[in-house]
Number of protein chains: 2
Amino acid sequence: MMASASRLNLSNFHRPPPSTTIAELKPTFTPRTQPTKPTPDSDATPSGPEPRKLKPSPQLNRWSRARAIRSGRKLDRPVSRTKAWEMDPPARSPETEVLQSPPREREDDRELAPGKTIYMVSDGTGWTAEHSVNAALGQFDYCLVDRGCPVNTHLFSGIDDVERLLEIIKQAAKEGAMLVYTLADNSMAESARQACRLWGVPSTDILSPITEAISSHLGVSPSGLPRGAPGRNFPLSEEYFQRIEAIEFTIKQDDGALPQNLQKADIILAGVSRTGKTPLSIYLAQKGYKVANVPLVMGVALPKMLFEVDPEKVFGLTINPVVLQTIRRSRAKTLGFGDDLSSNYSGMDHVRKELEFASRIFAQNPAWPVIEVTGKAIEETAAVVLRLHQDRKNKCSMPRISKRY
Amino acid sequence: MMASASRLNLSNFHRPPPSTTIAELKPTFTPRTQPTKPTPDSDATPSGPEPRKLKPSPQLNRWSRARAIRSGRKLDRPVSRTKAWEMDPPARSPETEVLQSPPREREDDRELAPGKTIYMVSDGTGWTAEHSVNAALGQFDYCLVDRGCPVNTHLFSGIDDVERLLEIIKQAAKEGAMLVYTLADNSMAESARQACRLWGVPSTDILSPITEAISSHLGVSPSGLPRGAPGRNFPLSEEYFQRIEAIEFTIKQDDGALPQNLQKADIILAGVSRTGKTPLSIYLAQKGYKVANVPLVMGVALPKMLFEVDPEKVFGLTINPVVLQTIRRSRAKTLGFGDDLSSNYSGMDHVRKELEFASRIFAQNPAWPVIEVTGKAIEETAAVVLRLHQDRKNKCSMPRISKRY
């Protein structure tokens, strides 16, 4: 049996050599926000004389080596490449940055420059950091990629030793990036704070404020263990099985399949083609709901069962005809429809008639709420569906989605 | 054409009457942290004499009425119910809380008590608040529901007027809950801050710190518009179409279907039954990757195409046999397998042999990384897969997942 390099590497992925402290790494790097010569009142350089060279760290060498093994490239790098690292600390001007960055890094980032950069670091999956940054960037979409002011994000997940953490922050400093982190391990979070202050990297701790608030509310201490940490196994809970069952159910029911199972669904979505039934179903399934979707197609009889189930769980989806036409045209192109088929599917006349057909069905079933999906992301429509679903189910005075942990 | 009550209600869902200010609402409520009689140095009660009654607000009446219309119940409430609201501000003792809460509220929350409560409020979908709270609660799983210290969360999404916001915070105060909020609208966030301070509700603002940090990094101001706000339509971007295509592709490829399409997949997962291929595929699809999964079944030939595609995109999944047996037993029960079929599927002998069969295939394909899924949540395995996928694709010196906004 032959052991593969990638497999060997994977098993070692989270197990680097013993970690280094910030103090040990500090002398190899000059922080961006610091004067060239330390002044008596500078508290950023307690360690005395000013080192000016940034050397390749053993950590980076290890990563590069691991990658080279995986990709089958030669390990020896030309001396000039190594020398590119031995440079001054970063400044914000783009020309200086090009000079200061090692050639290898430029190769990697070629496609992503220019634009502002956000680094995200996590000792767990990193999805919380990604989700929060994504939500916050939603506030700036008026100036993002389409308006010529792009943002590049880089997520580093499973960073569970301080040495790799500091390498990443150092790299963020070099690129003039900001850092967003979720570090369950408190000493890691503290290292990140210190390193960012020292190297002038603007940073935001996403996890600690909410964890501390919850800790004080519950009156217990956080475990400090990230998701996926040894000793923090994900339990095979009832919720786990329920979620998997919901996903499998939803896949099987997609696009009107198995109408006899409609009554087993928690939520049923009805709408014409390209109102987003499938992605919405899948999104809701991930949240543990069994979802069935029923396409409304002009001239095709609807399953009898749709009108026999509890109407409180059926939701109609509707959309602006012009937007629907745009989506259907894109779809017709992807599927390689010929002109005839395409005009029947995405012609404005057909689109309007099919939406009217759907409206009539909705009108005949007044207990179904009808949700307008125009201009809504899947997550947004999902929020509306679940709000109404919970409201109808729980009859609460303030519509809410409740969960128990 | 008959217009439905629920439909009418839906269209008005986000459009309440003109909003009220905190100052207007204040006199109807006595904060929990405040002395019964204001003292000269109390800055929490600048508005003078101390009102002691909490009256039903027009807002709550409106919600109750809306629900009553939907549910077909009579609108008139007995006077005694209304009277239950006219009580002192909340205290933490459970007996007092029972007295203080209106009967309707007790009915709703019946199943959820006891335990600590976290309220989440958002003027958007609320998923960021939910995701962050979920991540933070991961730090307390050693004492959550299974250990007898449950936490109840309540998510209020699409809260885009200050009047409803204040009602919710007031209710949080009554229940002794803490509040977590994501409010893109700055004046809403400020109202939440003030109300929480005034009514003694411990609170955490999830969105503002990261939004402010990004704003200062980009040098532009946030729009202040929540997702789904009028005028903030979700664009039909390339990414949008790509994500939908990925989800549809992944559903069609599930469970080894259409092996001829394997080469179109970005990621291929191979593993025995119940290693979580389907939920993992779907999770990755939501992130925009086209995923195919191929079941490894002893005695069933694998599709030739699996060995012809780029091996860099194939990932093997493996799992501890004892855990696999537990999952398969649960599965066999759900599917109603008879004893014979069940023992063949979840018998330890069969489980071990099938895992060995998979190991041999993985050994014959050393370029496939093999991921151990035991004790990992879907999100955790997904993080490992994507880290390796990006690393192999980009050959970066520091493994990362990069995106452009």
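Author: In chain A, among contacts with a separation of 6 or more, 73% join residues 24 or more positions apart. The model is a predicted one, and every value below is computed from it. Chain A has 405 residues, of which 56% count as buried, and its secondary structure consists of 16 helices and nine strands.

The relation between the chains comes next. Chain B can be superposed on chain A with an RMSD of 0.0 Å by a turn of 180°, with a shift of 0.0 Å along the axis. This is therefore the relation of a two-fold axis. Within chain B, B:Ile251 has the C-alpha nearest the axis, at 3.2 Å from it. Both copies use the same surface, since 99% of the contact residues of chain B recur in chain A.

The extent of the contact may be stated in residues and in area. Chain B contributes 146 residues and chain A contributes 145 residues. About 13000 Å² is buried between chain B and chain A, and carbon and sulfur atoms give 61% of that area. On the side of chain B, the residues that lose the most area to chain A are B:Trp127, B:His217 and B:Tyr405, which together make up 7% of what that side buries.

Two residues of chain A show the contact in detail. A:Thr125 is found in the loop between strand E1 (116–122) and helix H7 (127–137) of chain A. With a relative accessible area of 13%, A:Thr125 falls under the 20% limit and therefore counts as buried. Beyond its neighbours within four places in sequence, A:Thr125 is in contact with A:Leu155 and A:Ser157 of its own chain and with B:Glu379, B:Glu380 and B:Ala383 of chain B. The side chain of A:Thr125 also reaches the backbone nitrogen of A:Trp127, at 3.2 Å.

A:Trp127 belongs to helix H7(A), and it is among the buried residues of that helix, which also include A:Thr128, A:Glu130, A:Val133 and A:Leu137. In total, nine of the 11 residues of H7(A) are buried, so that the helix is mostly covered.

The second residue, A:Arg243, has its place in helix H11 of chain A. Its relative accessibility is 17%, so A:Arg243 also counts as buried. Leaving aside residues within four places in sequence, A:Arg243 touches A:Ala285, A:Gln286 and A:Gly288, together with B:Tyr283, B:Ile378 and B:Glu379.

The nonpolar interior can be followed across the two chains. In soluble globular proteins, nonpolar side chains tend to be buried together. The largest nonpolar core has 69 residues, and those that touch the most other members are A:Ile214, A:Ile267, A:Ile268, A:Leu296, B:Ile118 and B:Val180. Helix H16 (residues 378–394) of chain A gives the most to this core, namely seven residues. Not counting residues up to four places away in sequence, B:Ile118 touches A:Ile214 and A:His217 of the partner chain, and its contacts in chain B include B:Val133, B:Leu137, B:Met178 and B:Val180. There is a second, separate core of 68 residues, which includes A:Leu144, B:Leu269, B:Tyr283 and B:Ala292.

In chain A, A:Leu258 lies in the loop between helix H11 (238–253) and strand E5 (267–271). Its phi is near 45°, a positive value in a residue other than glycine, and A:Leu258 is partly exposed, with a relative accessible area of 34%. In chain B, the loop between helix H11 (238–253) and strand E5 (267–271) holds B:Asp255. B:Asp255 likewise is not a glycine and has a positive phi, of about 60°, and with a relative accessible area of 52% it is exposed.

An α-helix has 3.6 residues a turn, so residues three or four places apart point the same way.

Key. Residues are numbered from 1 along each chain as its sequence is written. Chains are lettered from A and ligands numbered from 1 in the order in which they are written. This is a predicted model: local features need pLDDT of at least 70, side-chain atom pairs count only at pLDDT 80 or more; totals for chains, interfaces and linings use all residues. Side-chain values use heavy atoms; hydrogens and water are left out. Copies are superposed by least squares on the C-alpha atoms of residues with pLDDT of at least 70 in both. Contact means heavy atoms within 4.5 Å. Helices (H or I, at least four residues) and strands (E, at least two) are DSSP runs, numbered from the N terminus. Buried means under 20% relative accessible area, exposed over 50%, partly exposed in between (1.4 Å probe, protein chains only). A polar contact is a pair of N or O atoms within 3.5 Å; within protein, one must be able to donate a hydrogen and the other to accept it, and residues adjacent in sequence count only if both atoms are side-chain atoms. A nonpolar core is a set of buried Ala, Val, Leu, Ile, Met, Phe, Trp, Tyr and Cys residues joined through side-chain atoms within 4.5 Å. Buried area is the accessible area (1.4 Å probe) that two parts lose on being put together, summed over both.
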